[in-house]
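I set out to record, entry by entry, what I looked up in this structure. The entries follow the order in which I consulted it.

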Amino acid sequence: MRAQRSELVAGVVVAALLTGCLDSNPWFEEPTASGAASGTTQVPTTGGTTAAPPPTSSTSAESTTTTTETTATGTTTTGLTADTEFSTSWPLSTSTTEWFSTGDPWTCGNGVLEGPEQCDEGADNSDKGACTTLCTTAECSDGFVHAGVEMCDDGNFDPSDGCVACLVPHTCKEILDNDPQASDGQHYVDPDGPEPMPLIPVYCDMKTAGGGWSLLERSPRSDPIGRALFKDAPENPGDPLAPRYRMPRMAMGVLAIHSTAMRLDCGGGDHLVTAAQSLFAGEFGPPGCANAGPVLYQEAEFKQYKLTNVQLCTVFVGLGDGQCPGAWSIDEENQYDCLLTAYPWAGNNEAISPPSADAFAVDPQSVDPDHDCHKPGAMRRILVR
Ligand SMILES: [Ca+2]
Ligand SMILES: [Ca+2]
Ligand SMILES: [Ca+2]
Ligand SMILES: [Ca+2]
């Protein structure tokens, strides 16, 4: 027997030398992209797990094989070394489970921090508390609402659905503050927070002048709204993407409470910026076209004339309520109604618009083709931030 075996071994060695097999030991070849060695000999695995490292002896090769099989099934937790790769699913089960590194059992809820637990407060574990019933530390996006800390937790990264960074936003500004990547378009906000008003859809402009603007009104020049802002006259209130849109007055008012600035523009450079508290200016003024008053604007840009911190006489009642200029419009000449100086932009009695045209009005009879708000296809927007 011994002689026969020696002859067999000698023959194998000779054959190996002839074919060059000893120069291409498959154990020491780089694995291919699929994880398998390029040679013919591979580490036995189950389930396509990562190939084991090269063995130093046949004994260790067998041991490695056993470990790999255990890894693949992911169910046997005893007899493994601490550095063995394996995967666990998260969150952890609440039932008693053997801890893979020590073999000791651990129980979530016994008040003792063990195994993979992030916390364990015993009977105080709560899905509304700092340590959940899964013995994980409460955090945003875990799907549990941490009472007093989080307002919501929808476990997603969509800022438009009424829950952003575990906060129910009052305004578009709060959405942008909590997700700088939030984009223009329809979002959901709850203007009055926990109070009875439900989530409402709102258009958010996340780009203009730093973004974070909540749209209150969008009025196309071809089909103007023209109502005073203080009139409760909603238009398509459920569809803030509609060309003709106006939010219900109550929602406007609550949004303004959570805002500091009010902006009027027509999508271009011409714009007005005043305090959000000016939103319902004119509410207690006289009925009719004389309902005008001075408004302090932080910015008033008109045809590249840029005024800052300037008072301008502003008409609050529009064509929708009678034969008045457009709501929230400005007449260059007619500033004397508010005891202010005419032609505020250019000064020196120099008009920059035709005499009949009102700035920022959505009044089709008032035409100034060089003013953003009067150009074909123009849409006047009123926003708060
Ligand atoms: Ca425990
Ligand atoms: Ca949470
Ligand atoms: Ca969300
Ligand atoms: Ca509410």
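**Entry 1: a helix residue**

I looked up M252 and found that M252 counts as buried because 23 C-beta neighbours lie inside 10 Å. The rule I applied is that a residue is buried if 20 or more other C-beta atoms lie within 10 Å of its own, exposed if 12 or fewer, and partly exposed in between, with C-beta atoms placed from the backbone. I note that this is a predicted model, in which local features need pLDDT of at least 70, side-chain atom pairs count only at pLDDT 80 or more, and totals for chains, interfaces and linings use all residues. Residues are numbered from 1 along each chain as its sequence is written, while chains are lettered from A and ligands numbered from 1 in the order in which they are written.

I located M252 in helix α4. Helices (H or I, at least four residues) and strands (E, at least two) are DSSP runs, numbered from the N terminus. I then listed what M252 touches: L216, M247 and L279, leaving aside residues up to four places away in sequence. Contact here requires C-beta atoms, placed from the backbone, to lie within 7 Å. I also checked M252 against E217: the two are 35 residues apart in sequence and 9.3 Å apart in space, C-alpha to C-alpha.

Which residues of α4 are buried? I found M252, V254, L255 and A256. Among the elements that cover these buried residues of α4 are β5 and β11.

**Entry 2: the whole protein**

I counted four helices and 11 strands in the protein. Of its 385 residues, 32% are buried. Among contacts between residues at least 6 apart in sequence, I recorded that 43% join residues at least 24 apart.

**Entry 3: the cores**

I next looked up the largest nonpolar core, which has 56 residues. A nonpolar core is a set of buried Ala, Val, Leu, Ile, Met, Phe, Trp, Tyr and Cys residues joined through C-beta atoms within 7 Å. The members that touch the most other members are C172, V202, C204, L216, F316, F360 and V384. The elements that give two or more residues to this core include α3 (172-178), β4 (200-205), α4 (249-257) and β9 (292-302). The most comes from β9, with five residues.

**Entry 4: a strand residue**

I found V310 in strand β10 (residues 305-315). Is V310 buried or partly exposed? V310 is partly exposed, because 16 other C-beta atoms lie within 10 Å. Beyond four places in sequence, V310 touches Y297, A300 and P344. V310 and Q298 are 12 residues apart in sequence and 6.7 Å apart in space, C-alpha to C-alpha.

**Entry 5: two positive phi values**

Most residues other than glycine have a negative phi. I looked up K303, where phi is near 55 degrees, a positive value in a residue other than glycine. K303 sits in the loop between β9 and β10 and counts as partly exposed because 16 C-beta neighbours lie inside 10 Å.

N349 also has a positive phi, near 55 degrees. I placed N349 in the loop between β10 and β11. With 10 C-beta neighbours inside 10 Å, N349 counts as exposed.

Methods. Contact = placed C-beta atoms within 7 Å.
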